[in-house]
Amino acid sequence: MSGTFFSTWQIVLSIVTPLAVALLILTLEARGPLAPALQKTTGLVAPYFTAVAILFGLFAALLMSDVWEKDNAARQSVEIEDDSLRAVIQLARVNGVSAALLPRIKAYVAAASGENPYRDGAREKTDAAYEALLAVASHADGLDTTARTALLGALTELRHARDRRLYLADEGTTAIKWLSILILGALTQIAIMLVHIGNRRAIRVSVGLFTVAFTFCLVVVALFDTPFELALAHEPGATLNRTIEGL
């Protein structure tokens, strides 16, 4: 299963699940087998709700911070990869080896643009393109020691930026974080219902408002915790190809 397919379903579930839990809670309170017992109570004291809500809020804040940092790191990795590619191109021009390197640079960009972190074959194609580019740069005629060292340094930075991009793309904790906030959010919905038992209108309003906020948190995680599948699905191809077209 591709990462993009999973992310699409993750967004759908982020919208549907909180609503389904809210409807289930309201239905069980009104008509379920526990409804008579629940309706006889006057509700739990507020601290029971506050404890669960604070736990959810702290976890959500930590997770949102992690999501933004991951998205920023993903964008930065693309920028560094592009800067390194520009450095390689400029060094090739200055030292008169553009004719030898340019076809290999274009092959690398084409491979990187179609790279899928969930398919080993796509990675191997980019690896092969990079190794070919590195081999040409290592043996290009007309380069002195200083120029060759600078060129190989730029190629090393290019590889490091790509490695960082792939690490961010296939980082494996996304599903765990999403499921964790889903469980905590559902527990908070239940806690809100228990606090307001005996006042059905208050239950509907409070559970409904929290459900909207809960859904927003889940959707943000689904969108931005996998940046190269949705928010940056066109990268690094768009950026690298603009650089090549600028030649």
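These legends accompany several views of a predicted protein model.

Residues are numbered from 1 along each chain as its sequence is written, and side-chain values use heavy atoms, leaving out hydrogens and water. Because the model is predicted, local features need pLDDT of at least 70 and side-chain atom pairs count only at pLDDT 80 or more, while totals for chains, interfaces and linings use all residues.

View 1. Helices (H or I, at least four residues) and strands (E, at least two) are DSSP runs, numbered from the N terminus. The protein has 247 residues, and 42% of them count as buried. Buried means under 20% relative accessible area, exposed over 50%, and partly exposed in between (1.4 Å probe, protein chains only). The protein exposes about 13000 Å², with 65% supplied by carbon and sulfur atoms. These areas come from the Shrake-Rupley method with a 1.4 Å probe; for residues, only the protein chains shown count as cover. Among contacts with a separation of 6 or more, 79% join residues 24 or more positions apart. Contact means heavy atoms within 4.5 Å.

**View 2. Helix 4 packs with helix 9.** Helix 4 spans residues 98-113 and helix 9 spans residues 237-245. Their angle is about 160°, and their axes are 9 Å apart. Helix 4 is therefore roughly antiparallel to helix 9. Axes are lines fitted to C-alpha atoms, for helices over the stretch in contact, and angles run from 0 to 180 degrees between N-to-C directions. Under 35 degrees counts as roughly parallel, over 145 as roughly antiparallel, 65 to 115 as roughly perpendicular, and the rest as oblique.

**View 3. Residues of helix 4 meet residues of helix 9.** Helix 4 contributes Ile105, Lys106, Val109, Ala112 and Ser113. Helix 9 contributes Gly237, Leu240, Asn241 and Ile244. The set divides into five nonpolar, three polar and one charged. Ala, Val, Leu, Ile, Met, Phe, Trp, Tyr, Cys and Pro count as nonpolar, Asp, Glu, Lys and Arg as charged, and the others, Gly among them, as polar.

**View 4. Asp82 touches Thr239, Leu240 and Thr243, not counting residues up to four places away in sequence.** Asp82 sits in helix 3 (residues 46-94). Asp82 is buried, at 8% relative accessible area.

**View 5. Arg242 and Asp82 are 160 residues apart in sequence.** In space, their C-alpha atoms are 9.6 Å apart. Arg242 lies in helix 9. Arg242 is exposed, with a relative accessible area of 53%.
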